[in-house]
Amino acid sequence: MQEPVLEGCFKTDQELTDPLLRPGNTNCGGCGMSVAWNMLSHARGKHELQVVIPACCGIVTAGHYPVSSYGAPTVASTFASSAAVAAGLAHVMEMNDENKRAVCFAGDGGTYDIGMATLSAAAERNDDILYICYDNEIYGNTGGQRSSATPLGATTTTTPGGKKLQKKDITAIMAAHRIPYVASVSLAHLEDTRRKMQYALETRGFRFLHVFAPCPTGWKSEQAEGIDLIRMAVDSGLFPVMEIFDGVTTQINIEPSMSDEALETYFSSQGRFKKNKVDIATVRAAIDANWARLRRGVS
Amino acid sequence: MTVQLISANHAAAMAATLAGRANRNARGFGGGIYPITPQTECIELLAKQEFEKGGVIPVESEHSAMAVCMGVSLGGARSFTASASNGLAYMAENVVAAGMYRLPILMMAVNRTLGPPWNIWVDHGDTLMLRDSGWMHIYCEDNQEVLDSILFGYRLAEDPRVLLPIMVCQDAFVLSHTMMQTDIPDQEQVDRFLPDLDLPHRLHNDAVTVGGLDFPHETEVHRAQHQEAMDGVAEVYAEIQDEFEQIFGRRPADRIVPYRMEDAKYAVVSMGTTALTVRVAVDAMREKGIPVGAVRMRMLRPYPEKEMIEALAGCEKVAILDRDISLGHGGVLWSETRGTVPPGCVVQGTMLGLGGGDIRPQHIEEVIEDLLERTEDGSPVIKEVM
Ligand SMILES: Cc1ncc(C[n+]2csc(CCOP(=O)(O)OP(=O)(O)O)c2C)c(N)n1
Ligand code: SF4
């Protein structure tokens with residue numbers, strides 16, 4: 001029999017009384033970003049957070065003053081600026097000897113696209129920030145346009161014929177900054193997720209978590225199937241689950257079975273891939289090449 | 001107090017340093033810095049300074065420089081940056097954000113022509129582009145005024161009745177790179193003048209979201225409160241003038257600075273270092289018996305309307321000089337000030353020294369002579385000074 005995940009304890013007392021993502025927020029049903037918040041809530045422990053959220057679905061979640069859907073002091077920054085605002089907050093925490101954590105929580109648009117220079121600069125400075133990118137592979141807030149995280153073949157409102165270009169490799173980009181910690185996070189593997197979040201909260205310097213976040217609204221998929229889709233992406237090898245320490249030591253955390261069936265189901269279950277059929281053989285070849293490259297870097 | 005021969009860029013850096021150190025017993029000092037001609041010497045000097053608590057962070061862009069300032073300020077610390085020209089244009093989004101968050105950040109801006117084509121000389125169009133961003137604006141005419149306005153500006157910006165960011169502007173090269181004798185106050189004096197910053201809306205432990213969303217009726221309230229704070233500035237400004245004078249022995253200028261206006265029938269309104277040249281021309285015209293005076297605009301935002309109406313009350317003809325152009329209209333100072341003249345008064349707008357052209361007294365005398373001949377308002381004109 002399978003062990004229950006998270007020791008069967010989905011909600012700690014702290015999460016029940018003081019969750020990071022409060023009930024009553026406006027996120028879509030089945031939103032992976034909500035799950036990412038809940039996992040951060042679960043992993044948070046005694047850490048006090050100051051959160052910076054740029055323009056993205058996640059700031060709409062916060063709602064209207066005086067209410068806030070977030071259980072931590074939060075700043076809504078401009079789209080490109082979360083890492084720089086967090087750098088300022090972290091600087092003040094440090095000079096006042098406050099043992100808190102500056103956390104950025106940004107979409108792929110605010111990370112891969114408009115916020116890239118700011119993010120890269122904060123990483124270069126090794127600012128004391130935990131940067132979490134929830135990657136739903138689309139601009140959700142503005143109604144579903146492409147980003148440079150949108151995968152090959154996906155239809156969005158600005159790639160009506162399906163995207164012709166590949167997704168950027170964000171973990172490689174961030175690892176190239178040789179920051180203390182980079183990890184990719186699968187919300188279908190909760191123990192691994194919790195461990196990484198806890199490690200990232202404990203570690204100091206610039207830490208980057210890439211959370212693959214299902215978005216039923218943008219992916220045109222079933223709300224209840226999001227986590228299954230992530231599991232298929234992991235099993236098929238499409239989404240490598242790994243961590244990179246100091247830009248050099250790479251660890252694969254979940255060995256994929258490289259299942260073609262999972263890969264096919266992954267694509268066929270999402271409306272965004274319906275219109276422009278993705279050639280599975282091409283994707284498989286790209287996945288294999290990626291893994292060969294990854295294995296070369298694995299210590 | 002020591003007197004040193006320094007540029008306005010260095011005067012600004014020294015003022016920021018004194019102000020930053022003065023907050024050492026509170027939450028400290030910080031800010032993002034990024035170079036651009038003609039502001040670079042300011043941030044270079046600042047980067048060399050030692051602070052008991054804090055210091056500046058060299059970042060990758062002006063957009064992030066202001067974002068770091070916002071983070072520092074939201075953390076409750078005193079915050080400074082400096083920029084100019086295209087740097088301000090690039091920063092614009094976060095300038096607006098800092099304004100709307102009502103963070104008492106101080107930015108020293110060196111007024112420089114926007115490019116391309118690239119031109120590093122003085123023009124006020126860069127900060128005027130940010131006129132409506134919810135910041136206070138002060139325009140200086142010498143190095144001492146730059147230093148004093150930064151100390152004064154922090155006190156004003158951080159006053160609980162104000163809580164607004166402030167831009168202290170100076171003319172490229174005419175001030176930024178020109179050495180002048182400048183009184184540099186002692187730390188002890190600055191400590192007395194600048195109380196510890198206690199920002200009411202800094203991040204505490206409460207789970208609030210600073211920012212988030214506004215419905216239209218909430219925005220209306222936010223704008224009304226912001227406007228109310230702007231309306232209250234004049235009173236606080238006057239109080240701080242007194243305190244500044246008591247501690248430093250100099251009185252910062254009023255929000256507008258009239259010159260020989262008591263019996264003036266004609267007036268020349270200008271901003272920045274143009275006003276220095278205007279005073280020379282006014283003296284020369286007075287020698288010829290022409291009853292002309294001058295008004296310098298020191299604080300453009302909040303606009304000192306009452307003071308301007310009073311200053312121009314006795315005028316028959318007013319010339320308004322702009323070192324900027326709102327393309328498709330005319331000078332910004334002209335468009336804002338022409339409504340403050342008394343009924344029947346002739347107003348002529350002239351844009352001169354655009355892109356840093358060297359404005360000399362002779363040019364101003366020509367403007368005054370032209371004004372005397374006018375019997376009705378004309379369209380604004382560009383006067384070439386080369
Ligand atoms: C400077 C700027 N440009 C454009 C926008 C409009 N905008 C808001 S959110 C967004 C997309 C966000 O996408 P992403 O970061 O992927 O987050 P998601 O909405 O998917 O959660 C855009 C384009 C903005 N707020 N600011
Ligand atoms: S659009 Fe996608 S990311 Fe945004 S709230 Fe809905 S499900 Fe979540």
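Colleague: Quick one to start. Which residue is the bridge partner of A:F245 in strand 8 of chain A?
Modeller: A:T249 is the partner. Bear in mind that this is a predicted model.

Colleague: How do strand 7 and strand 8 of chain A pair, parallel or antiparallel?
Modeller: Antiparallel, over 4 bridges. Strand 7 covers residues 242-245 of chain A.

Colleague: What is the strand order in the open sheet?
Modeller: The order is 8(A)-7(A)-5(A)-6(A)-4(A)-3(A)-1(A)-2(A)-9(B). That makes 9 strands, with mixed pairing.

Colleague: Which are the edge strands?
Modeller: One is strand 8 (249-252) of chain A. The other is strand 9 (209-210) of chain B. Each of them pairs on one side only.

Colleague: What holds paired strands together in general?
Modeller: Strands of a sheet pair through backbone hydrogen bonds.

Colleague: Let's zoom out. How many helices and strands are in chain A?
Modeller: Chain A has 12 helices and 8 strands. Its radius of gyration is 18 Å, close to the 19 Å from the globule rule for 299 residues, so chain A is as compact as a globular protein of that length.

Colleague: How much of chain A is buried?
Modeller: 59% of its 299 residues count as buried. The accessible surface of chain A is about 11,800 Å², and 55% of that belongs to carbon and sulfur atoms.

Colleague: And the charges in chain A, how many positive and negative side chains?
Modeller: There are 28 positive and 32 negative ones. The centres of the two sets lie 5 Å apart.

Colleague: Over to chain B. How many helices and strands there?
Modeller: Chain B has 13 helices and 16 strands. The globule rule gives 21 Å for 386 residues and the radius of gyration is 20 Å, so chain B is as compact as a globular protein of that length.

Colleague: What about charged side chains in chain B?
Modeller: Chain B has 32 positive and 55 negative side chains, with the two centres 2 Å apart.

Colleague: Which way do the side chains of strand 6 of chain B point?
Modeller: B:M136 and B:I138 point one way. B:H137 and B:Y139 point the other way.

Colleague: Are those four buried or exposed?
Modeller: All are buried.

Colleague: Which strand is joined to strand 6 of chain B by 4 bridges?
Modeller: Strand 7 (residues 166-171) of chain B, and the two run parallel. B:M136 stands opposite B:I166 in that strand.

Conventions. Residues are numbered from 1 along each chain as its sequence is written. Chains are lettered from A and ligands numbered from 1 in the order in which they are written. This is a predicted model: local features need pLDDT of at least 70, side-chain atom pairs count only at pLDDT 80 or more; totals for chains, interfaces and linings use all residues. Side-chain values use heavy atoms; hydrogens and water are left out. The radius of gyration is taken over C-alpha atoms; the globule rule is 2.2 Å times the number of residues to the power 0.38. Buried means under 20% relative accessible area, exposed over 50%, partly exposed in between (1.4 Å probe, protein chains only). Accessible areas come from the Shrake-Rupley method with a 1.4 Å probe; for residues, only the protein chains shown count as cover. Lys and Arg count as positive and Asp and Glu as negative; His and the chain ends are not counted. The place of a charge is taken as NZ of Lys, CZ of Arg, CG of Asp or CD of Glu. Two strands pair if DSSP finds at least two bridges between them.
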